[in-house]
Amino acid sequence: MEGMLPYFVYSILSLACIASIITLLIQRIYSKKKDEDYLFDGSMTKQPLKHGHLTSVKIPSMQIHVAPISVNETSRRDSSDVGEQPQGRGLLASTSTSSEDDSTQNTKWRVWFQIHYKDMDGCLEVAIFRVKAVNGQPESLPSKLSENFFFVVCVLPEESTKVQTRTCSVHESAAFHDTVYLKISKTDFYDRAIRISMYKVNDVKQRMCCGHTMVKLGLLDFDRCETYYFCNELDSLAKVMTKSRGEMHLSLGYDHKKERLAAQVFAARCLPETSAEQKFYMKTIVTVGRRRVKVDCGELCNSLSGIFKCSYSFHIPPRWLQSCSIQFLICEVRNGSERRWGHVVVGSCRYAHGTGLEHWNEMTNQQPKIIEMWHMIRHG
């Protein structure tokens with residue numbers, strides 16, 4: 001009997017373990033069934049539809065007011081630029097004026113600001129240090145004393161970088177001073193610009209546009225001058241973004257078999273008058289993606305009209321047509337210094353807009369037909 005005692009104890013413990021396991025399984029099954037009954041009870045049953053008559057409900061009208069945009073806003077486009085649709089990396093984005101932009105041009109504003117570039121930090125500093133109303137005195141009216149204003153500085157053409165200044169009262173505009181910082185590489189200056197937009201906010205938090213001004217970064221030589229000062233009058237968005245210097249007649253044709261693109265400049269019209277000290281030449285830049293694949297410089301001419309007689313032929317594979325652009329850059333030489341005078345861009349929707357995009361699409365869709373079109377020469 002003494003030898004059987006350990007076996008007897010082991011058998012009792014085994015039965016106890018088996019009984020506890022069975023009890024645990026039964027409890028889990030019971031709790032699961034209880035949860036199902038709680039979740040899928042009669043409250044989830046399909047209710048019969050009750051047919052009734054339609055009744056009209058009168059909804060009161062609502063007025064929505066837009067508050068000023070937040071600091072460093074990058075994802076949301078401001079309401080004054082609803083008409084803007086930038087097409088990738090063009091020199092200037094496609095724009096059209098909105099009602100907000102045109103409805104607030106009664107008072108002209110003048111802005112003093114400076115631009116400084118820190119090469120070590122790769123940071124562009126834009127300091128606005130004075131604001132003045134050049135016609136009309138909105139701050140003299142008692143009802144307008146509570147209005148505030150602020151500026152939004154953005155980098156064109158992408159507008160992915162937007163920075164807002166502090167908000168200041170209108171009657172304290174003479175004492176306004178604020179600096180914003182934009183991260184931008186110096187190598188990207190050639191096709192970038194900054195736009196400074198001024199907005200006012202009234203008592204009901206409704207934002208009104210006061211105007212815009214734009215500066216092409218490609219025209220600024222920070223190696224020669226560290227800081228540039230400006231005194232610009234704000235204007236409507238259409239006038240700021242569509243400054244023209246005449247028109248250029250261009251033909252484009254693409255041969256799919258030879259994989260060659262032919263471009264020819266025939267003539268120009270409505271050109272402004274130039275002085276005898278000015279000399280001009282045309283630089284043609286072919287860009288694929290973010291890389292310049294070809295740069296061609298024409299002859300230096302004493303007159304502006306003399307540069308609009310040239311032809312080019314480029315090797316461009318068909319797979320590059322949707323990521324390619326051709327920029328016709330008109331450069332001015334005066335007293336040994338050179339600057340950008342005007343430009344025309346044709347290419348895909350990543351680079352061009354308007355007639356530049358339309359001309360490119362017609363060329364690709366009607367191969368190998370030669371397509372001719374007039375293009376506006378834009379400023380800078």
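Okay, β15 and β16: strand β15, residues 324-334, runs antiparallel to β16, with 10 bridges joining them. Strands here are DSSP runs of type E with at least two residues, helices are H or I runs of at least four, and both are numbered from the N terminus. Two strands pair if DSSP finds at least two bridges between them.

Before I go on, this is a predicted model, so you know: local features need pLDDT of at least 70, side-chain atom pairs count only at pLDDT 80 or more, and totals for chains, interfaces and linings use all residues. Residues are numbered from 1 along each chain as its sequence is written, and side-chain values use heavy atoms, with hydrogens and water left out.

Back to the hairpin. Two residues sit between β15 and β16, and Asn335 in that turn has a positive phi of about 55 degrees. If you want a bridge pair to click on, Leu329 has His343 in β16 as its partner. On to the next neighbour: β16 also runs antiparallel to β17, residues 371-379, with two bridges. There, Gly342 stands opposite His379 of β17.

So is β16 enclosed or open? Eight of its 11 residues, in the run 337-347, are buried, so the strand is largely enclosed by the rest of the structure. Buried means under 20% relative accessible area, exposed means over 50%, and partly exposed is in between, using a 1.4 Å probe and protein chains only.

Now salt bridges, meaning a side-chain nitrogen of Lys or Arg within 4 Å of a carboxyl oxygen of Asp or Glu. The structure holds eight. One of them is Arg339 with Glu332, at 2.9 Å from N to O. Glu332 is buried at 2% relative accessibility, while Arg339 is partly exposed at 38%.

Another one is Lys108 with Asp235, where the closest N and O atoms are 3.3 Å apart. Lys108 is in strand β1 (residues 108-118) and Asp235 is in the loop between β9 and α3 (237-241), so this pair ties together parts 127 residues apart in sequence. Then there's Arg110 and Glu233, which meet at 2.8 Å, N to O. That pair links β1 to β9, across 123 residues.

Next, the aromatics. Rings of Phe, Tyr and Trp (its six-membered ring) pair if their centres lie within 6.5 Å; planes under 30 degrees apart are stacked, over 60 edge-to-face, and the rest tilted. There are 10 such pairs in the structure. Phe149 and Phe151 are edge-to-face, 5.9 Å centre to centre with 90 degrees between the planes. Phe149 is buried at 0%, and Phe151 is buried at 0% too. Phe222 and Tyr228 have centres 5.5 Å apart and planes at 85 degrees, so they are edge-to-face.

What about Asp223, buried or exposed? Asp223 is exposed, at 64% relative accessible area, and is found in the loop between β8 (207-216) and β9 (227-233). Its C-alpha is 9.7 Å from that of Tyr117, although the two are 106 residues apart in sequence.

An unreviewed UniProt entry lists residues 6-26 as "transmembrane region". In the model that span is 100% helix and 0% strand, with its end C-alpha atoms 30 Å apart. Phe8 sits in helix α1, residues 5-39, and is exposed at 51%. That's me done.

Note on methods:
UniProt positions renumbered as here; feature names shortened; annotations may be inferred.
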